[in-house]
Every structure is written in C-alpha cells, then in structure tokens.
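User: Could you walk me through this structure and show me how to read its features as we go?

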Amino acid sequence: MSELPVAQERKVVTSIPGPKSQALHARRLAAVSAGAGAALPVYIEKAHGAIVVDADGNHLIDLGAGIGVTTIGHTNDAVVKAVQEQVANLTHTLFTLTPYEQYVEVCELLNKHTPGNHSKKSVLFNSGAEAVENAVKIARKATRKNGIVVFDHAYHGRTNLTYSMNFKAAPYGNGFGPMAGSVQHVPMSYPFRDPAAMTGAEAAQRAITYIEKRVGLEDLAAVVIEPIQGEGGFIVPAPGFLKALSDWTHANGVVLIADEVQSGIARTGRWFASDWEEGFEPDLLTIAKGIAGGMPISAVTGRAEIMDATHPGGLGGTFGGNPVAAAAAVAVLKQIEAGGVIERAQQIEQLLSARLNELKAKYPVIGDVRGRGAMMALEFVEPGTSNPNQAAVDKLVKHCHSNGVLILNAGTYYNVIRFLPPLAISDDLLNEAIDVLEAGIKEL
Ligand code: PLZ
C-alpha cells in the first residue's frame, strides 16, 4: 500500500548519517530550536513494516517504532487506507461542536478492551501528556481533592503538570519555572535494584507507608503508575505490587490511574500491561502512542462514574480525537480485535527473551533482562557490580546505528537498551538486529 515498496531488509549504503542526512541536519540546526534534541540525525523518507529508509537510501531495522508508536507496523496497509479515505471525506469539525462517528467508535473499542468489566467511558486527546493531564483533572474533579502520587523512575510527559510528575528533573523540568504543586514521588518496585528478597507486597507497603506518612489521605486524589515503566527503563514491578497498590487505593477512595501510554495497545502481549497482574484494577487508563499506527491521538478510559463526574464543557480541545487520527485508531484496534497482533507480541517475547538471556549468560556487562511481549530491555552494569554502565550503552547505541539498527536507550541512569520493535517485524530481522548488537557487545 505504501507508494514505493520498502524491502524488509537491512541495507547500509553510506556512512550513517549519510551526506544527504548531514545536509538536512545542517538546515535543521539553523532552523529548529536547539531544545528539540536529535538522538540519531538520519532523516527518514519512508518506512514500511519494521524498516525505515533514510534520505541516503539506507534501510534501517527499526527496534524503536518511534518510541512504541508504530506498533502495528510502519505504513500498515489498513491504517493507510483508513487515513486516505477519511482525509478525503472529513478532516475536522471539533468533536465538542459537531461530532462524528469515528470518535465514538474509538471510545467504544477502548471501553470494551481495557481491563475490568465495570461500565466505562472514554474521552480523546492528541498526546500522551495531554491524556495524563486530563486523567488527573478528571480524578481531581471526581474526588474534589488535589494530591497526586507518582513513582520513582516515572515518566509522564513534557507539559507543566506532567514534567512535574517525571522522576528526572534533568532534562525534563530543570529551568522550566515553577513545578506544578501537589505532586509527590514515592518508591517504585524495581526488582533488580530492590533488596534481594523484597516481594511485590512488601514493595507496595513501602510505597503505601510513604503515601500515608508524607502525603496523607486527606487531600489525595490519585495515584498514577506505569504498570511497566517506559522511559525509566522497562521496569516491571515485582508480582503482587500493582494489586496491593490498587487494593489500597480502592479501600481509601483514591483514583488509581494506569499510564499505559507506552505499555498499552498489544505492546506487551496483552491488550494492556495492566492485564498481566491478576486483581489489578486501575480506575482510569491513559492511552496514546500505539493506538493509531503513527497518527496523533490519545485517550483517557475508565470507570463511567469517574469519567462522568466532570461537568459538560470541562474537557475538550480543538484537535482531540481528530477524524483522521480516529479513523486510524479504529483501523488499528480492529486489527488487534481480529487476532494475531497480540499473539505476535507474545512470539516476539519468546524470541527476545531467549536471545537476550543468552547474551546475559555470556556477557557480565548485562545485569538484567526484563520486560514483556515486544517491550523488553537489557540493563547494563559494570561487570561484577550493579553499578549502572551508561558508557557501554552509549557505545552500543552508536554501534547499532552505524550498522543499520535503530535502537533506543532508556533508564534513569541511561544504562538500559530497550526493544520496542513494530510487531510487523520478522523473526529474521529481529535476529539480525540482535546479532548486530552482540557484535557490539563483543567489542566493548
Ligand atoms: N506517559 C508512559 O512513555 C511518552 C517521550 C518522548 P507524549 N514517552 C516518550 C520524548 O522524549 O518526549 C510518554 C510515556 C508515558 C506519557 C508520555 C507522554 O506522551 O505523547 O510524548 O506526550
């Protein structure tokens, strides 16, 4: 369906970045704010499946999917078709003025496939940060309280409220004026770095004690947690942690918000990462990234009584749930519903976890392998210790990029390599990308 076929193969034909990318980068440096960073300045012209093609004709294996966005695959045929048809019919009305069906359909699909059998409603926005902002607004309105609890290593966005919710002040918050108030950070369950025998329930109790002592229940509106932390380094909390937390919030009238912006929409081998923990029942979910194959759209989905507590007119925005993006989301959600997509994420986990655990057994610079589905990571350490090894990750990321594998780092200490491939990736491409990574590890 994409205009020119994109061969699903790695092909490095120039240095990376090549001359055309370098020329484009010079233009960019003159025209674009320095505040927008550039992790890998190769300028991409087209993409399909799991391959992105740059201006110089290099074909790179994509292990990042634009940070977990093109989960269904680049230029997925059904998404391209839905967008092309929709863009020719209707591009905008503003849903809160004169509505259209696609918005409603996205909400119906999300209400159906998010965790929990309770009655649910949804509302649509443009970005992950906007979804998180609105989930907090909704929780505050429903509880008539202000306080928000977030976790160490969390990432929630780049708006004033959401950068105040991030764990890392640098680079997200520093120098950007007063942080939003009423946000408190408490300890996360981080099995690789927690005391060896600490269970999920114990880690939850540690967090709850912080909440009770430092924050108090009196003014606490919501607890916001990524069920698998994304930017923080794909930290999977110990089993039982999420359930104990939601048991506590439910018992205390606090809204539990699961930020599934990175972990949601088939990424982890379930519809949502929250589905992996029996008994974990978030009240609200924030959803974005993988929902629409690259089109910008996000959602808050959750308990109908909480979602309806906001007065009519209290939620909205000009572009939220735009018809073209909504049509793309319907195309993605229906493919997941039809079967095969979630199963593919599970197969990718099997392949990745076998290969990555082999690497860990061979190379003491790898301290931990973790994750679920097509959301897995390696945490690098100074061999024989658990000291974070950012230098190794920096070298490996460079090595992979030079060899046509687009790979992302992550982690509070920048010492994690994360795998977020489009689910359209073949086993062969995935194996080839890991071979490239292994060659880099050997050279360390
Ligand atoms: N919540 C869990 O992962 C976005 C950030 C990229 P937006 N993560 C990628 C960057 O450097 O800006 C994210 C997330 C979780 C919220 C967000 C925010 O989503 O769509 O970037 O606003």
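Analyst: Happy to. Let's start with how elements are named: helices (H or I, at least four residues) and strands (E, at least two) are DSSP runs, numbered from the N terminus. With that naming, threonine 114 lies in the loop between α4 (101-113) and β4 (120-125). Before going on, two notes on the source: residues are numbered from 1 along each chain as its sequence is written. This is a predicted model, where local features need pLDDT of at least 70, side-chain atom pairs count only at pLDDT 80 or more, totals for chains, interfaces and linings use all residues, and side-chain values use heavy atoms, with hydrogens and water left out.

User: Is threonine 114 buried or exposed?

Analyst: The general idea is a cut-off on relative accessible area: buried means under 20%, exposed over 50%, and partly exposed in between (1.4 Å probe, protein chains only). Threonine 114 has 4% relative accessibility, so it counts as buried.

User: Let's zoom out. How many helices and strands are there in the chain?

Analyst: The chain has 14 helices and 15 strands. Its radius of gyration is 21 Å, close to the 22 Å that the globule rule gives for 444 residues, so the chain is as compact as a globular protein of that length. That radius is taken over C-alpha atoms, and the rule is 2.2 Å times the number of residues to the power 0.38. Along the principal axes, the C-alpha atoms fill a box of roughly 60 × 60 × 45 Å.

User: What do the contacts and the surface of the chain look like?

Analyst: Among contacts between residues at least 6 apart in sequence, 73% join residues at least 24 apart. Of the 444 residues, 56% count as buried. Accessible areas come from the Shrake-Rupley method with a 1.4 Å probe, and for residues only the protein chains shown count as cover. The accessible surface of the chain is about 18000 Å², and 53% of it belongs to carbon and sulfur atoms.

User: How many positive and negative side chains does the chain have?

Analyst: Lys and Arg count as positive and Asp and Glu as negative, while His and the chain ends are not counted. Each charge is placed at NZ of Lys, CZ of Arg, CG of Asp or CD of Glu. Here there are 37 positive and 45 negative side chains, and the centres of the two sets lie 3 Å apart.

User: How many disulfides does the structure hold?

Analyst: A disulfide is a pair of cysteine sulfur atoms within 2.5 Å. The structure holds 0 of them. Cysteine 107 is buried at 9% relative accessible area, and cysteine 400 is buried at 0%.

User: What should I look for in the backbone angles?

Analyst: Most residues other than glycine have a negative phi, and most peptide bonds are trans. Two bonds here are worth a look. The one from isoleucine 16 to proline 17 is cis, with omega near -5°, and proline 17 lies in the segment before α1 (19-31). The bond from alanine 170 to proline 171 is cis too, with omega near 5°, and proline 171 sits in helix α7 (residues 169-172).

User: Where do alanine 65 and alanine 266 lie?

Analyst: Alanine 65 is in helix α2 (residues 65-68), and its phi is positive, near 50°. Alanine 266 lies in the loop between β8 (255-259) and β9 (284-287), with a positive phi of about 75°. Alanine 65 is buried at 1% relative accessibility, and alanine 266 is buried at 0%.

User: Which residues does alanine 374 touch, not counting those up to four places away in sequence?

Analyst: Alanine 374 is in the loop between β11 (366-372) and β12 (375-380), and is buried at 0% relative accessibility. It touches Arg267, Thr268, Ala345, Ile348, Phe419, Leu420, Pro421 and Leu423. The C-alpha atoms of alanine 374 and threonine 268 are separated by 5.6 Å, though the residues are 106 apart along the chain.

Note on methods: Contact means heavy atoms within 4.5 Å.
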